[in-house]
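Here are a few exercises to work through with the coordinates open beside you. Try each task before reading its solution.

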Amino acid sequence: MTAETITITAELWIWTSAEAPANWYFLTIDGETAEAIRTTALMRRLEGGQRRGWGSIRVMATIGDTNWQTSVFPSKESGGYLLPVKAAVRKAEGLTAGDAVTVRVEY
């Protein structure tokens, strides 16, 4: 399989819940970019016969000088994907909620 790479700029936002004690930070991948990821995920599922939990797709993400492995998850609200941005990445790159963040995603 050949890896695909996208670069997007999106707003960093916080998900909170009364039931969950922690805040989670995400970037939303939507539009044509999300459709490209969805198409690749479908092709891989057809080729390999496996589906990952919650429809997630493994990715390598890069913001600034920081790389990390994670997964993107389908978003029912946006119809796109959610990319979690962990605390170590936010700290290393000086990011806070509301920042416009450019991320490169390889999937």
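The exercises below each take up one part of this model.

The model is predicted, so local features need pLDDT of at least 70 and side-chain atom pairs count only at pLDDT 80 or more, while totals for chains, interfaces and linings use all residues. Residues are numbered from 1 along each chain as its sequence is written, and side-chain values use heavy atoms, with hydrogens and water left out.

**Exercise 1.** Find the partners of the salt bridge and describe their setting.

*Solution.* Begin with the count: the structure holds one salt bridge, meaning a side-chain nitrogen of Lys or Arg within 4 Å of a carboxyl oxygen of Asp or Glu. Its partners are glutamate 35 and arginine 38, whose closest N and O atoms are 3.0 Å apart. Next, look at the spacing: the two are three residues apart in helix α1, so about one helical turn separates them. (Helices are DSSP runs of H or I with at least four residues, strands are E runs of at least two, and both are numbered from the N terminus.) Finally, check accessibility: glutamate 35 is partly exposed at 43% relative accessibility, and arginine 38 is partly exposed at 30%. Here buried means under 20% relative accessible area, exposed over 50%, and partly exposed in between, with a 1.4 Å probe and protein chains only.

**Exercise 2.** Is threonine 66 buried or exposed, and what does its side chain meet?

*Solution.* First place the residue: threonine 66 belongs to strand β5, residues 66–74. Its relative accessibility is 15%, so threonine 66 counts as buried. Then list its contacts (heavy atoms within 4.5 Å): setting aside residues up to four places away in sequence, threonine 66 touches Ala61, Val89, Ala92 and Glu93. With glutamate 93 there is also a side-chain to side-chain polar contact of 2.6 Å. Such a contact is a pair of N or O atoms within 3.5 Å; within protein, one must be able to donate a hydrogen and the other to accept it, and residues adjacent in sequence count only if both atoms are side-chain atoms.

**Exercise 3.** Work out what surrounds aspartate 99.

*Solution.* Locate aspartate 99 in the loop between α2 (87–93) and β7 (100–106). At 24% relative accessibility, this residue is partly exposed. Now compare sequence with space: aspartate 99 and leucine 12 are 87 residues apart along the chain, yet their C-alpha atoms are separated by 5.5 Å. Leaving aside neighbours within four places in sequence, aspartate 99 contacts Ala10, Glu11, Leu12 and Gly94. To finish, follow the side chain of aspartate 99, which reaches the backbone nitrogen of threonine 96 at 2.8 Å.
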